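Please look over the chain shown below before reading the notes on its helix packing and on a few selected residues.

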Amino acid sequence: MLDNKKLEEIAFIMKALSNKDRISILIYLRDKQESAVHEISDIIGIRQPTISQHLILMYRLGVLGKKRHGKETYYRIKNKMVSDVVFK
């Protein structure tokens, strides 16, 4: 049986995966490794404010990592469990 901490982590990941746009973002980041918000928006075809909301949610849930380069924020998949759940 999994402990509570592991169950909570799985629940957070499931929440992050509960939206087709967020899944699209994760697939794009899997292939690209790391990308700026505007690049993700351009490729996926969703308005930048909407993409930003999805990215912020997944960052807060610990699914994504981010770093800044000047004015740009770059996101990447941080949580290995996400890769295991989505891409295997």
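Is Met58 buried or exposed? Met58 is buried, because its relative accessible area is 0%, where buried means under 20% relative accessible area, exposed over 50% and partly exposed in between, with a 1.4 Å probe and protein chains only. This is a predicted model, in which local features need pLDDT of at least 70 and side-chain atom pairs count only at pLDDT 80 or more, while totals for chains, interfaces and linings use all residues. Residues are numbered from 1 along each chain as its sequence is written, and side-chain values use heavy atoms, with hydrogens and water left out.

**Helix α2 against helix α3**

- Helix α2 (residues 20–32) and helix α3 (residues 37–44) have axes that come within 11 Å and cross at roughly 115°; axes here are lines fitted to C-alpha atoms, for helices over the stretch in contact, and angles run from 0 to 180 degrees between N-to-C directions.
- That angle makes α2 roughly perpendicular to α3, a label given to angles of 65 to 115 degrees, whereas those under 35 count as roughly parallel, those over 145 as roughly antiparallel and the rest as oblique.
- The crossing of α2 and α3 is right-handed, which is the term used if the near helix is turned clockwise from the far one by less than a right angle, anticlockwise being left-handed.
- On the α2 side the contact is made by Ser24, Ile25, Tyr28, Leu29 and Lys32, and on the α3 side by Glu39, Ile40, Ile43 and Ile44, contact meaning heavy atoms within 4.5 Å.
- By class, this contact of α2 with α3 has 6 nonpolar, 1 polar and 2 charged residues, where Ala, Val, Leu, Ile, Met, Phe, Trp, Tyr, Cys and Pro count as nonpolar, Asp, Glu, Lys and Arg as charged, and the others, Gly among them, as polar.
- Helices (H or I, at least four residues) and strands (E, at least two) are DSSP runs, numbered from the N terminus.

**The two faces of α3**

- The buried residues of α3 are Val37, Ile40 and Ser41.
- They cover an arc of only 100° around the axis, which puts them on the same side of α3; the arc is that of the directions from the helix axis to the C-beta atoms.
- The buried residues of α3 pack against α2, β1 (35–36), α4 (48–60) and β3 (72–77), whereas the face turned away from the buried side carries the exposed residues Asp42 and Ile43.
- After α3 comes Gly45, whose phi is positive, near 80°.

**Packing against helix α4**

- The axes of α3 and α4 are 9 Å apart and the two helices pack at an angle of about 115°, in a right-handed crossing.
- In this pair, Val37, His38, Ile40 and Ser41 of α3 meet Gln48, Ile51, Ser52 and Leu55 of α4, and the residues of the contact divide into 4 nonpolar, 4 polar and no charged.
- Helices α2 and α4 pack at an angle of about 75° with their axes 10 Å apart, and are therefore roughly perpendicular to each other.
- Asp21, Arg22, Ile25 and Leu26 of α2 make this contact with Ile51, His54, Leu55, Leu57 and Met58 of α4, and its residues divide into 6 nonpolar, 1 polar and 2 charged.

- His54 lies in helix α4 and counts as buried at 9% relative accessibility.
- Not counting residues up to four places away in sequence, His54 touches Asn19, Asp21, Arg22 and Ile25; the C-alpha atoms of His54 and Asp21, 33 residues apart along the chain, are separated by 7.9 Å.
- Met58, also found in helix α4, is in contact with Ala16, Arg22, Ile25, Leu26, Val63 and Leu64, leaving aside its neighbours within four places in sequence.
- The C-alpha atoms of Met58 and Phe12, 46 residues apart along the chain, are separated by 9.0 Å.

**Residues outside the helices**

- Gln33, in the loop between α2 and β1, has a positive phi of about 80° although it is not a glycine, and counts as exposed at 56% relative accessibility.
- Lys66 lies in strand β2 (residues 64–69) and counts as partly exposed at 38% relative accessibility.
- Not counting residues up to four places away in sequence, Lys66 touches Tyr59, Thr73, Tyr74, Tyr75 and Arg76.
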